[in-house]
Amino acid sequence: MAYTVIIPAAGQGKRMNAGGNKQFLNIRSLPLIIRTLRIFQNDEACTAIVVVVNAGEIGDMERLFTHYNVSKVQALVPGGKERQESVYAGLQHLDQAGIVLVHDGARPFIRQEEIHRLLAEVSDTQGAVLATKVKDTIKKGSDEQFVTETLTRDELWSVQTPQAFSFDMLKKAHEVALNTGFTGTDDASLVEYISGKIRLVPGSEDNIKLTTPDDIGMAEMILGKRKGDEHEDWARL
Ligand SMILES: Nc1ccn([C@@H]2O[C@H](COP(=O)(O)OP(=O)(O)OP(=O)(O)O)[C@@H](O)[C@H]2O)c(=O)n1
Ligand SMILES: C[C@](O)(CO)[C@H](O)COP(=O)(O)O
């Protein structure tokens, strides 16, 4: 199934503490954003990529894309203060309807197989997200750090990207959120807000978001584990 993808990459990378946007960090000598983009560059079902970046970083990003032959980037769009604003900015630059994926620039270990399983699930619902079952016991806490509730673990999922939607549904969800002041930490929550049904699609623990310095060690481990796998997307660009 053909799709387009919006890649929000306009963060500050504060928790990574790398002195700048973590998208430019080299992970085994390849910039993080390039690791993420090449998965989509190499996926024949992906027809176009919109990358949302910080306004001051457009030139640097363009140079990277040229250097690494990332040819599917249809637009480089200046982002907003929050991730939600950045995705909305990206949506304005998609000139194709159909299925749209949103995928964090900071998640470089997504596999084509997972993307295609997600796509297979989105056709009969309003949205689909990759997710893993929670392994820890999750409790809610008060401001004073007392437990207020222990949640039922069997019902809990840790949600990742990519998240898949029809273009019309995602656009409507973002517009309603904007007009009502609703904010969410992922795109599915905006669709849920307008009562859309979101399918949970089991994903992989490897699809981490590089958020803190510890995640760099985890990334090295994942790369080590995948080394030698000639079918891996990462070996091809
Ligand atoms: N205003 C923002 C904030 C985040 N993002 C993107 O959304 C993804 C997930 O965000 P996160 O991991 O939180 O990245 P940062 O915002 O860069 O990190 P931090 O919160 O530590 O500053 C990243 O690819 C990031 O670049 C974005 O496009 N626009
Ligand atoms: C969209 C997301 O990656 C799903 O897990 C996550 O919610 C992004 O959160 P962040 O606070 O922007 O890192």
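Student: How do the residues of the shell around ligand 2 divide into nonpolar, polar and charged?

Tutor: In this predicted model, the shell around ligand 2 has one nonpolar, three polar and four charged residues.

Student: Which residues surround ligand 2?

Tutor: Ligand 2 is surrounded by Arg83, Asp104, Val159, Gln160, Thr161, Thr185, Asp186 and Lys209.

Student: Where does the largest share of that shell around ligand 2 come from?

Tutor: Strand 10, residues 157–166, gives the largest share, with three residues.

Student: And ligand 1, which residues come nearest?

Tutor: There are 22 residues around ligand 1, and the nearest are Pro8, Gly11, Lys14, Arg15 and Ser86. By class, the shell of ligand 1 holds five nonpolar, nine polar and eight charged residues.

Student: Arg83 was in the shell around ligand 2. What about helix 3, is it mostly covered or mostly open?

Tutor: Helix 3 spans residues 83–91 and is mostly covered, with eight of its nine residues buried. Arg83 and Ser86 are among the buried residues.

Student: What covers the buried residues of helix 3?

Tutor: The cover includes strand 1, strand 4, strand 5 (73–78), strand 6 (99–102) and helix 5 (167–180).

Student: How many residues of helix 1 are buried?

Tutor: For helix 1, residues 32–41, the count is 10 of 10. Among them are Arg35 and Arg38, along with Leu37 and Phe40. The cover over helix 1 includes strand 1 (3–8), strand 4 (46–53), helix 2 (58–67) and helix 4 (112–122).

Student: Now the largest nonpolar core. Which residues touch the most other members?

Tutor: That core has 55 residues, and Ile6, Ile7, Val51, Val52 and Val100 touch the most other members. Helix 1 gives the most to this core, six residues.

Student: Take Val52. What does Val52 touch?

Tutor: Leaving out residues up to four places away in sequence, the contacts of Val52 include Ile6, Ile7 and Pro8.

Student: Switching topic. Where is Ile194 found?

Tutor: Ile194 is in the loop between helix 6 (188–193) and strand 11 (198–202).

Student: Why is Ile194 called partly exposed?

Tutor: Because Ile194 has 15 other C-beta atoms within 10 Å. A residue needs 20 or more to be buried, and 12 or fewer to be exposed. Beyond residues up to four places away in sequence, Ile194 touches Lys172, Ala173 and Val176. The C-alpha atoms of Ile194 and Thr161 are separated by 20 Å, and Thr161 is one of the residues around ligand 2.

Student: What about the whole protein, how many helices and strands?

Tutor: Seven helices and 11 strands. Of the 237 residues, 38% count as buried. The radius of gyration is 18 Å, which agrees with a compact globule because one with 237 residues would have a value near 18 Å.

Student: What pLDDT does the protein average?

Tutor: The average is 95, and 96% of the residues score at least 70. Over residues 233–237 the pLDDT is below 50, though this stretch has 13 contacts in the model beyond near neighbours in sequence. The model scores ipTM 0.98 and pTM 0.96.

Key: Residues are numbered from 1 along each chain as its sequence is written. Chains are lettered from A and ligands numbered from 1 in the order in which they are written. This is a predicted model: local features need pLDDT of at least 70, side-chain atom pairs count only at pLDDT 80 or more; totals for chains, interfaces and linings use all residues. A residue is near a molecule or strand if its C-beta atom, placed from the backbone, lies within 6 Å of it. Helices (H or I, at least four residues) and strands (E, at least two) are DSSP runs, numbered from the N terminus. Ala, Val, Leu, Ile, Met, Phe, Trp, Tyr, Cys and Pro count as nonpolar, Asp, Glu, Lys and Arg as charged, and the others, Gly among them, as polar. pLDDT is the predictor's confidence in each residue, from 0 to 100. Two residues are in contact if their C-beta atoms, placed from the backbone, lie within 7 Å. The radius of gyration is taken over C-alpha atoms; the globule rule is 2.2 Å times the number of residues to the power 0.38. A nonpolar core is a set of buried Ala, Val, Leu, Ile, Met, Phe, Trp, Tyr and Cys residues joined through C-beta atoms within 7 Å.
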